[in-house]
Amino acid sequence: MQELICIRCPMGCKLQAELIDDTLFVTGNTCRRGEEYAREELTCPRRIVTCSVKVQGASEPLSVKTESGVPKDMVFECVAAIKALCLHAPIAIGTIVAENICGTGVCVKATKSV
Amino acid sequence: MLHYDVAVIGGGPSGMAAALAASKEGASVLLLETEPRLGGILNQCIHNGFGLHIFKEELTGPEYAHRFIRQIQDSPVEVLLNTLVLDVSPGRQVLAVSKERGLLEIQAGAVVFSTGCRERPRGAIGIPGTRPAGVITAGAAQKYVNIDGYLPGRECVILGSGDIGLIMARRMTLEGAKVKAVVELMPYSSGLARNIKQCLDDFGIPLLLSHTVVEIHGKNRVDAVTIAKVDDNLSPIPGTEEIIPCDTLLLSVGLIPTVELATKAGAELAGSQVRVDQHFSTSHPGLFICGNTLHVHDLVDYVTEESTVAGQFAAAYAKGARPADGREIPIQPGEGITYTVPQRLTGESFRENITLRFRTRRVYKQARLVLSSGGKTIASFKRPVMAPGEMQTLVLKPELLNSLGESLSLHVEE
Amino acid sequence: MVDVAIIGLGITGAACARELSRYHLRVLGLEAQNDFAAGATRANSGIVHAGYDAKPGTNKAKYNVRGNALYPLWARELEFPFIQNGSLIVCHDDGDLPGLQALYDRGVQNGVPDMELLDENALHSLEPNLSPACRGALYAKTGGITCPYEFCIACGENARENGAEFIFNAPVTQIRREDGGFAITAGEKIYHARTILNAAGLYSDAIHNLLSRVPYRIQPRRGEYQLMDNAAGAFFTRTIFTLPTPMGKGVLISPTVDGNLYLGPTSLDSTDKEDTSTTAEGRAFILKKAAESWDNFPKNRFITGFTGLRAHLIEGGDDFIVGSAPDVPGLFDAVGIESPGLTSAPAIAEDLSRQIAAYCGAKKKDNFQPHRPAIRSFRTMTNEQRRQAIAENPLYGHIICRCEQVSEAEVLEAIRRGARTVDGVKRRTRAGMGKCQGGFCGPVILEILARELGCDPTEILKDAPGSNILVGPIR
């Protein structure tokens with residue numbers, strides 16, 4: 001049995017979760033997202049990465065996010081790969097600036113316009 | 001002199017929601033913003049976690065702002081950027097200034113204050129020690145990193161575990177800085193549990209509860225801070241001092257609503273907050289207030305909700321609607337409750353739900369929220385966990401509201 | 001070869017530079033730090049003392065009373081803030097009332113005008129926020145308040161306008177006597193001067209001792225302060241002193257010229273001439289002492305705390321040393337200038353400049369320009385003046401510091417006049433001195449400084465060299 005804090009919404013439910021032979025036992029969640037989170041956290045924890053990257057021809061860094069979670073142990077690797085992107089202004093909010101970042105299959109999206 | 005039904009001061013999430021709502025009610029609206037773009041502090045909050053309630057998806061700050069900026073652009077709301085409001089008179093004359101237009105005078109039918117909050121500085125909590133570079137508020141650090149593209153330090157200690165402090169711990173870490181500890185005076189964090197998990201625990205950053213910074217070291221740039229444990233009275237315990245070498249101390253020690261414009265115009269305070277009714281109307285007719293100018297929120301979604309109501313009623317006021325001379329029911333924060341918003345209810349009879357938002361004084365587990373009126377309990381609600389860092393909500397139904405006596409009070413029972 | 005090398009550009013050195021620039025003299029100011037007012041001038045009470053306090057016949061008494069009398073003229077000419085708000089010296093015990101009388105008598109002896117002894121009722125009707133514990137007071141109407149660093153900067157700017165030159169980041173490490181004067185090593189360069197004016201504050205003993213065989217020794221005396229926001233000044237009109245008793249010395253409660261209010265100072269001997277840190281004990285002492293005259297004061301109005309170091313002479317007398325060093329012709333000292341040094345500065349400058357001009361045989365210029373225009377501040381303008389200012393310079397309409405309503409025009413003017421750091425801009429414009437203490441405007445000021453000085457944002461300093469605010473670009 002593991003204690004988890006669900007990060008899927010600001011409620012931050014305290015979960016007790018255990019995975020036995022692929023069957024998830026979870027308590028403490030107040031919605032279905034808690035179950036999903038517990039399963040993921042016990043098998044392959046993932047995190048959405050948000051950071052910023054310099055853009056040629058822009059006066060401000062571009063803020064970006066991964067469209068969904070990347071494996072937690074690849075967060076730093078993904079940040080480094082995002083930082084290494086060679087981007088040129090103008091970039092509109094919502095533009096995909098990298099596909100399949102670090103082989104995760106996850107796209108990186110601009111969250112502002114520069 | 002310009003004339004508008006509603007002047008909205010501040011173009012962050014609160015001001016944008018109020019302006020849009022007022023405009024939808026048919027009011028002519030002027031939205032005044034100091035910065036060169038709308039969005040307010042959301043522009044520097046590049047992390048995700050915004051919009052789950054309103055949009056049912058997790059957005060970053062700039063994305064959340066963008067959705068409203070687009071709506072503003074498609075609406076008849078007029079926007080003045082780079083414009084600072086200097087003064088609002090009790091007669092709702094707004095004096096503003098900008099480089100392009102010089103001094104501007106605006107006569108508004110109603111004024112909405114949505115100027116947000118400021119960060120409590122070092123001097124307000126009197127941290128002793130030297131006064132070097134490297135002591136900055138977490139929000140200023142966030143601007144340096146996310147908007148300006150510069151790092152304010154490489155080895156940080158963060159004082160205060162409010163959400164901005166937690167978010168900046170992760171942000172600095174992802175930018176290659178080392179966050180040595182987050183130090184929290186209280187025995188609990190004032191930030192959201194999920195931020196402790198994903199901003200500290202994920203990166204192995206220690207959260208030191210019941211600790212504080214007792215001295216700052218370094219002549220020109222911070223070179224260390226001394227931390228110490230505190231006792232139950234929050235006083236540092238001699239002998240527990242520990243020196244942590246670092247080049248930066250980030251402060252996340254509280255946000256203070258910027259109430260000065262509103263109070264100067266005539267709005268009364270209840271404690272340190274502006275007093276409002278369920279329409280977000282202040283004690284001074286025609287002046288409305290919402291967002292973090294009213295009370296500091298954890299979630300922008302609630303800011304949007306409240307500000308929408310403020311905008312609607314500002315529009316109604318501007319068009320001549322006056323609250324019926326009904327009862328005024330003060331809401332008393334009782335045992336365990338820091339404050340409530342609204343702090344009073346007005347009107348003769350209630351037809352719609354009223355959302356009561358408040359914070360508790362400390363952490364409560366398996367406690368009950370009790371509403372009472374005239375000394376009698378009228379309703380109670382079970383809550384598994386309540387913490388000061390997490391704003392609480394109660395929705396009051398018309399049946400209950402219409403049964404109220406002269407007053408309403410809310411307290412916690414364990 | 002210059003005629004006068006002034007060592008130290010605090011208020012004494014800067015005021016002397018201003019007065020010396022009245023004469024046909026080449027004046028050079030050498031400052032160890034990177035701006036005017038970097039030492040005691042930056043962190044003191046800002047009081048223009050009436051002059052009842054000093055022992056009759058001393059330099060302190062003489063320069064204090066004369067300095068006080070010169071302030072109105074100097075403030076007009078140099079456009080620095082000065083308010084003759086009056087000083088009240090209160091006592092908390094009826095038994096101390098004779099002490100007030102003694103102070104009054106001493107004031108009369110020193111030639112202080114416009115003093116009055118107030119009973120309890122008169123006192124409380126003047127200052128209703130004083131606690132009932134205050135039993136009576138000496139009211140010195142010529143007591144005033146000023147902004148010490150702005151005064152100092154104003155003197156520097158005016159002196160420069162009249163031909164004086166200043167070199168910063170130039171700590172004096174060696175002085176050699178040479179034919180016709182001195183060779184001064186400062187910041188890796190050697191400057192030659194006929195005379196030296198030693199206004200080096202805490203280090204004036206060291207400068208003097210480089211040349212003289214009659215040594216002085218200065219001990220830093222720490223004074224901590226706690227400052228409240230820019231509306232708290234309304235609690236009191238006058239500066240509140242406490243009559244010193246055998247039980248100890250109280251702290252001041254005073255409005256500032258900018259509408260803030262401060263409590264302090266502490267008074268503790270120290271050994272470190274650089275240690276301007278604040279302490280928990282100091283803060284606690286100040287709050288406790290202030291409560292003796294002002295009960296239930298608001299605890300949530302503090303915005304900052306700071307410590308100043310006073311140059312207290314412990315060897316060579318207990319008075320201001322002002323004038324020619326007996327064994328070193330050409331060396332003019334201003335040593336041990338602690339309180340009331342700020343008040344005395346115009347009088348010391350007047351006196352020393354006459355002595356130096358006489359020594360050099362210099363006459364007054366015909367074209368001395370006594371007037372220094374202040375940076376026009378948006379905050380203090382009427383709306384009509386604001387309209388006019390923005391019409392002339394639209395940047396007056398771009399407010400950078402919201403708390404203190406400081407415009408970009410003022411920030412640029414401060415930089416044009418010599419501000420090179422965020423604190424330099426702050427001291428010249430008040431940007432960053434408000435309730436948020438630069439939380440909002442700090443990053444903007446930094447950006448403007450980098451833009452105007454043509455340097456990278458990481459090079460911008462908060463204050464002294466090494467106080468860089470940013471450590472590098474993000475990756």
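What share of the contacts in chain B with a separation of 6 or more comes from residues 24 or more positions apart? The share is 64%, where two residues are in contact if their C-beta atoms, placed from the backbone, lie within 7 Å.

1. Basis. This is a predicted model, in which local features need pLDDT of at least 70 and side-chain atom pairs count only at pLDDT 80 or more, while totals for chains, interfaces and linings use all residues. Residues are numbered from 1 along each chain as its sequence is written, and chains are lettered from A and ligands numbered from 1 in the order in which they are written.

2. Chain B overall. Chain B holds 10 helices and 30 strands; helices (H or I, at least four residues) and strands (E, at least two) are DSSP runs numbered from the N terminus. The C-alpha trace spans about 60 × 60 × 40 Å along its principal axes. The radius of gyration of chain B is 22 Å, which agrees with the value near 22 Å for a compact globule of 414 residues; the radius is taken over C-alpha atoms, and the globule rule is 2.2 Å times the number of residues to the power 0.38. Of the 414 residues, 58% count as buried, that is, 20 or more other C-beta atoms lie within 10 Å of their own, with C-beta atoms placed from the backbone.

3. Domains of chain B. The assignment, automatic or from a database, gives domain 1 (1-120 + 254-323), domain 2 (121-253) and domain 3 (324-414). The C-alpha centres of domains 2 and 3 of chain B are 35 Å apart. Their contact takes 5 residues from domain 2 and 5 residues from domain 3. On the domain 2 side there are 2 nonpolar, 3 polar and no charged residues; Ala, Val, Leu, Ile, Met, Phe, Trp, Tyr, Cys and Pro count as nonpolar, Asp, Glu, Lys and Arg as charged, and the others, Gly among them, as polar.

4. Chains B and C. In this interface, 41 residues of chain B are in contact with 47 residues of chain C. Elements of chain B that each supply at least two residues to its side include β8 (102-113), α5 (138-148) and β11 (150-151). The largest share, 6 residues, comes from α5(B). By class, the chain B side divides into 16 nonpolar, 14 polar and 11 charged residues. Strand β11(B) also pairs with β23 (residues 472-473) of chain C, antiparallel, over 2 bridges; pairing requires at least two DSSP bridges between the strands. Within this pair, B:Tyr150 stands opposite C:Pro473.

5. A sheet in chain A. Four strands form an open antiparallel sheet in the order β5-β7-β11-β10. Its edge strands are β5 (50-53) and β10 (96-98) of chain A, each pairing on one side only. Neighbouring strands are turned by 40° against each other on average, direction ignored. Helix α2 (residues 75-83) of chain A packs on the sheet, touching β5, β7, β10 and β11 (108-110), and its direction makes about 25° with that of β5(A). Axes here are lines fitted to C-alpha atoms, for helices over the stretch in contact, and angles run from 0 to 180 degrees between N-to-C directions. Between β5(A) and β7(A) (residues 62-66) there are 4 bridges, and A:Val53 has A:Leu62 as its bridge partner.

6. Helix α6 of chain C. The buried residues of this helix (residues 204-211) are C:Ser204, C:Asp205, C:Ile207, C:His208 and C:Leu210. They pack against strands of chain C, among them β1 (2-7), β10 (172-178) and β13 (217-228).

Terms used:
A residue is buried if 20 or more other C-beta atoms lie within 10 Å of its own, exposed if 12 or fewer, and partly exposed in between; C-beta atoms are placed from the backbone.
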